[in-house]
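I opened this notebook to keep a record of what I looked up in one structure. The entries follow the order in which I consulted it.

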Amino acid sequence: MPDAAAIAAPVRRPGMRFVVRLESLAVLAVLVIVLAVLSPYFLSVSNFLNILLATSVIGVLAYGATFVIAAAGIDLSLGSVLGLSGVVGALSVNELGLPWPFGILACLATGALCGTVNGLLNARAGIPAFIVTLGMLGVARGLGLVLTNGVPVYGLDPVLVYIGQGRPAGVPFPVIVFLLTGGVAHFVLAYTRFGKYALVIGDNEGAARAMGVRVQRQRVALYALSGMMAGLAGLLFMARTNAGDPTGGLNYELTAITATILGGTNLFGGRATIFGTLIGALIMGVLQNGLNLLAVSSFYQQMAIGAVLVLAVWLDQVNRTRARR
Amino acid sequence: MTRRMLAACAAAALLAFGHGAPARAADAPVYGVLLKTLSNPFWGAMEKGIRDGAKEAGVEYFMQAVESDQAAEPQLNTCNTMLERKPAVMITAAINSTILLPCLKRANEMGMPVVDLDANLDHAIAAKAGVKIAFTIGSDNVAAGKQGANWLVQKLGAGAKGSVLVIEGLAGNITGQKRASGFRDELAKAAPGLKIAASLPGDWDRQKAANIANDIMTRNPDLVAIFCANDTMALGAVESVFAAGKGGKITIIGVDGNSDAVKSIKAGRLDASVAQLPYLVGKEAVEKAKEVLAGKQQSEYTYVPTLVLTKQVLTENKDPLLQYMR
């Protein structure tokens, strides 16, 4: 049996693992230049930290989405799981009186648990991922509302608040988490057997099976990981807002998937990088920030993000068609 | 290829941004205004008030809002971004009482007074988070409920007897609670013969309010009035009442004074709506913020009056507050 990992890498040239789809970087660069020209407030360290801070929660969520999409899956429950995780984390500290480390643990565990359920229902019971995670979207959101009776759990332990609002060395804590997690996730997806298997499954599930990849088990693990990322995003969200908010993260799954696609990940699996997703999330963050600085109505902001998404993917298609010729 | 690609991106980006570039003097003080969402007539009217208030006060402002009144985290991000432009004052309508606090704390630290539009912040919670609110301006929801009760008693008489239904807002929502409790407390004082048959959450939802009205009409045939914590629900209740053939026999009161309610009142279906005047709130907020910047201390809360709209008030068109209806 051939070594799956050797075949796995969807990499055409050495070094490609680091290189993001050129179009994504180009879009980001153009955005930054245009905004720097249009707004005198754009180019400053504090504004860039704002952008990173505003992107942190979505970014971490998008990492989770990337792993699942890499293996040709989809996770629509990310936003709801984010909300539920924050609620459970806040309740475990505020209501059960557990010390703050358990609050962190509760967020991550809730996310991972939801993800595992998604994975088992998808891989073992054979229900399509779209349906399983759509179901989880409803169940997790509803459970969060039930647990809190619809009212946010306000006022967290100071340590938890620091995770969301603290600024060690002037850098917002969520930004540190966002970038560090990105580094680790990039390594896992691009360099470990786990990540390579995910990409092989996404590229060709039958081939992956033939190579001896245990597809079902791998799937469960991927959804669990994506759920845990949603839990981490839930922790950041909770800490930033100093509350376990049952409505937190509404529709975030779509934003996270958008960031993933903007970063060059193929929606149908087989091609994905976390670094690309980070760039994708930043494109959305920069765009939103810039439009805010220019005081453009939020209605136009949604149009702009939609347009940039289609533009980036279109440029990618054009280049791919060319490359094949 | 790359060059053409960049050109395409640049063109798209310019298209997207073209109209947004602000035109203003470089160092005039600018007020930052952060609303919830503009896709709601209430905030639209508030925006008009702010615009006219700023024009009259001769100040510049820039306004931001988010895509929905649920988008809490995006609002915090927007708030942080606004601070980059270093506005002279931050006038905010927070999506909930806690979300903006980290940003407003920074605003305070940068020397900006913080104004709370429509009483979305809690002064005690804000103080705990290190935020000093210069003043809160908005409608007094308890008073709006009371006004509704007093109008009802005036219509039916202090000796009236019968059951009254109260339809509250979203369960746990403070605005709906204040309106409902203001109504209930005042009614108990002004007309002891009118008993509250039920006080149920209608979740701001037309359909749900219609169902509640139906159920209670069945249970309490002596129902004489329905008070709803907003107009949307009142309009739902109206439909049930007329469908049950009790139109004109049961008095229905809403709160907000939105345009659909005005139409319904003119058509003789809805009896009254306690109108809020978001236009006036926005206008006065800017005026008072200017005074704060000039060093004047404002009282912690300023309440803009509410107005009971009825068919008579609307047709006579004499009440001076009507000019602020938008």
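The entries below concern the model shown above.

**Entry 1. Conventions and confidence**

I noted that this is a predicted model, in which local features need pLDDT of at least 70, side-chain atom pairs count only at pLDDT 80 or more, and totals for chains, interfaces and linings use all residues. Residues are numbered from 1 along each chain as its sequence is written, while chains are lettered from A and ligands numbered from 1 in the order in which they are written.

I then looked up the pLDDT, which is the predictor's confidence in each residue, from 0 to 100. Chain B averages 88, and 91% of its residues score at least 70. Over residues 13-26 of chain B the pLDDT is below 50, and this stretch has 20 contacts in the model beyond near neighbours in sequence. Two residues are in contact if their C-beta atoms, placed from the backbone, lie within 7 Å. For the complex, the predictor gives an ipTM of 0.75 and a pTM of 0.79.

**Entry 2. Chain B as a whole**

I found 12 helices and 12 strands in chain B. Helices (H or I, at least four residues) and strands (E, at least two) are DSSP runs, numbered from the N terminus. Along the principal axes, the C-alpha atoms of chain B fill a box of roughly 75 × 55 × 40 Å.

Of the 326 residues in chain B, 51% are buried. A residue is buried if 20 or more other C-beta atoms lie within 10 Å of its own, exposed if 12 or fewer, and partly exposed in between, with C-beta atoms placed from the backbone. Among contacts in chain B between residues at least 6 apart in sequence, I noted that 74% join residues at least 24 apart.

The domain assignment, which is automatic or from a database, gives chain B domain 1 (27-131 + 278-304) and domain 2 (141-276). Taken over C-alpha atoms, the centres of these two domains of chain B are separated by 32 Å.

**Entry 3. Where chain B meets chain A**

I recorded that 36 residues of chain B are in contact with 43 residues of chain A. On the chain B side, α1 (2-17), β2 (60-64) and α3 (72-84) each supply at least two residues. The residues of this side divide into 22 nonpolar, 10 polar and 4 charged. Here Ala, Val, Leu, Ile, Met, Phe, Trp, Tyr, Cys and Pro count as nonpolar, Asp, Glu, Lys and Arg as charged, and the others, Gly among them, as polar.

Which residues of helix α10 (residues 259-266) of chain B are buried? I found A261(B), S264(B) and I265(B). Seen down the axis of α10(B), they fall within an arc of 100°, so they line one face of the helix; the arc is that of the directions from the helix axis to the C-beta atoms. They pack against α9 (231-243), β9 (251-256), β10 (272-275), β12 (307-310) and α12 (311-316) of chain B. After α10(B) comes G268(B), with a positive phi near 80°.

In helix α4 (residues 101-109) of chain B, the buried residues are L101(B), P102(B), C103(B), L104(B) and A107(B). Their packing partners are α7 (158-165) of chain A, together with α3, β3 (89-92), β4 (114-117) and α5 (123-128) of chain B. G111(B) follows α4(B) and has a positive phi, near 90°.

D256(B) is not a glycine, yet its phi is positive, about 135°. I located D256(B) in strand β9 of chain B. Is D256(B) buried or exposed? D256(B) is buried, because 26 other C-beta atoms lie within 10 Å.

N317(B), also not a glycine, has a positive phi of about 55°. N317(B) lies in the segment after α12 of chain B, and with 8 C-beta neighbours inside 10 Å it counts as exposed.

**Entry 4. The nonpolar cores**

A nonpolar core is a set of buried Ala, Val, Leu, Ile, Met, Phe, Trp, Tyr and Cys residues joined through C-beta atoms within 7 Å. The largest core has 109 residues, of which L61(A), A233(A) and I283(A) touch the most other members. Helix α11 (residues 215-241) of chain A gives the largest share of this core, 16 residues. Apart from it lies another core, of 100 residues, among them L76(B), M82(B), L117(B) and V274(B).
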